[in-house]
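Hi,

Here is the structure I promised to pass on.

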Amino acid sequence: MLAALIFVVFPFCMLFAAISDMLSMTIANRVSLILVGVFLVVAPLTGMAWSDFGLHLAAGAIVLVCTFGLFAIGAMGGGDAKLMAATSVWMGFGICLVQYLLYASLIGGFLTLGLLAYRSSPLAVFTRDNMFLRHFANEKAGIPYGIALGLGGLAAFPASPLVLWALQRVAS
């Protein structure tokens, strides 16, 4: 049951955030709250050492402080900042967090370049009324960075401590 929560909740939240940001340019607070809440319940039940548990929470807090600063200067959306911090709680301090930040940054960079090219192309004129592409075509809209955060989280997730624990349980 615990392994199932680990394998289902995080990927579902990442996909939901990515799709939600693509369609509405918002990431609901409940996504970040579910991620943190499930981590707070599941991690101690896996036998995670309290020091490691604290480091996971510290990783989320540090990322939240950094992303809040970016939000304050208008460089990042509030939903993106909260999602990034909640995802960092699952990754903890270590290479997994570095991988997540790297994947999200690379995917976000490609997404940004792709959207800028798309918005200046004639194709944007024909697709601006499409439900899935309307925010992509709108030159005044921001970048739905939740897509990059979601995909980056999914890419880094298999190496996260909770997944490694769950895989070990399932394999035995």
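**Starting with α4**

(The expected span is 1.5 Å times one less than the number of residues in the helix; helices, H or I runs of at least four residues, and strands, E runs of at least two, come from DSSP and are numbered from the N terminus.)

Before going on, a word on the basis: this is a predicted model, where local features need pLDDT of at least 70 and side-chain atom pairs count only at pLDDT 80 or more, while totals for chains, interfaces and linings use all residues. Residues are numbered from 1 along each chain as its sequence is written, and side-chain values use heavy atoms, with hydrogens and water left out.

Back to α4: 12 of its 14 residues are buried, so the rest of the structure largely encloses this helix. Buried here means under 20% relative accessible area, exposed means over 50%, and partly exposed is in between (1.4 Å probe, protein chains only). Among the buried ones are Gly 79, Asp 80, Leu 83, Ser 88 and Trp 90. They pack against α1, α2, α3, α5, α8 and α9. Just after α4 comes Gly 92, with a positive phi of about 70 degrees.

**The whole chain**

There are nine helices and zero strands. With a radius of gyration of 17 Å, close to the 16 Å from the globule rule for 172 residues, the chain is as compact as a globular protein of that length. (That radius is taken over C-alpha atoms, and the rule is 2.2 Å times the number of residues to the power 0.38.) The C-alpha trace spans about 55 × 35 × 25 Å along its principal axes, and 42% of the 172 residues count as buried.

**The cores**

Which residues touch the most other members of the largest nonpolar core? Out of 41 residues, they are Ile 6, Leu 35, Phe 39, Leu 83, Trp 90 and Tyr 100. (A nonpolar core is a set of buried Ala, Val, Leu, Ile, Met, Phe, Trp, Tyr and Cys residues joined through side-chain atoms within 4.5 Å.) Helices α1, α2, α3, α4, α5, α8 and α9 each supply at least two residues of this core. A second, separate core has seven residues, including Leu 111, Leu 115, Phe 136 and Ile 147.

Leaving aside neighbours within four places in sequence, Trp 90 is in contact (heavy atoms within 4.5 Å) with residues including Ile 6, Phe 10, Leu 35, Phe 39, His 56 and Pro 161.

α2 has 17 residues and reaches 25 Å from its first C-alpha to its last, close to the expected 24 Å. Its buried residues include Val 31, Ser 32, Leu 35 and Phe 39, and their cover includes α1, α3, α4 and α9. After α2 comes Gly 47, whose phi is positive, near 85 degrees.

Ser 32 counts as buried at 9% relative accessibility. Its side chain reaches the backbone oxygen of Lys 82 at 3.4 Å. Not counting residues up to four places away in sequence, Ser 32 touches Lys 82, Leu 83 and Ala 86.

Thr 127 sits in α6 (residues 123-127) and is also buried, at 14% relative accessibility. A polar atom of its side chain lies 3.0 Å from the backbone oxygen of Leu 123.

Cheers

Definitions and conventions
Polar contact = N/O pair within 3.5 Å; in protein donor to acceptor, adjacent residues only side chain to side chain.
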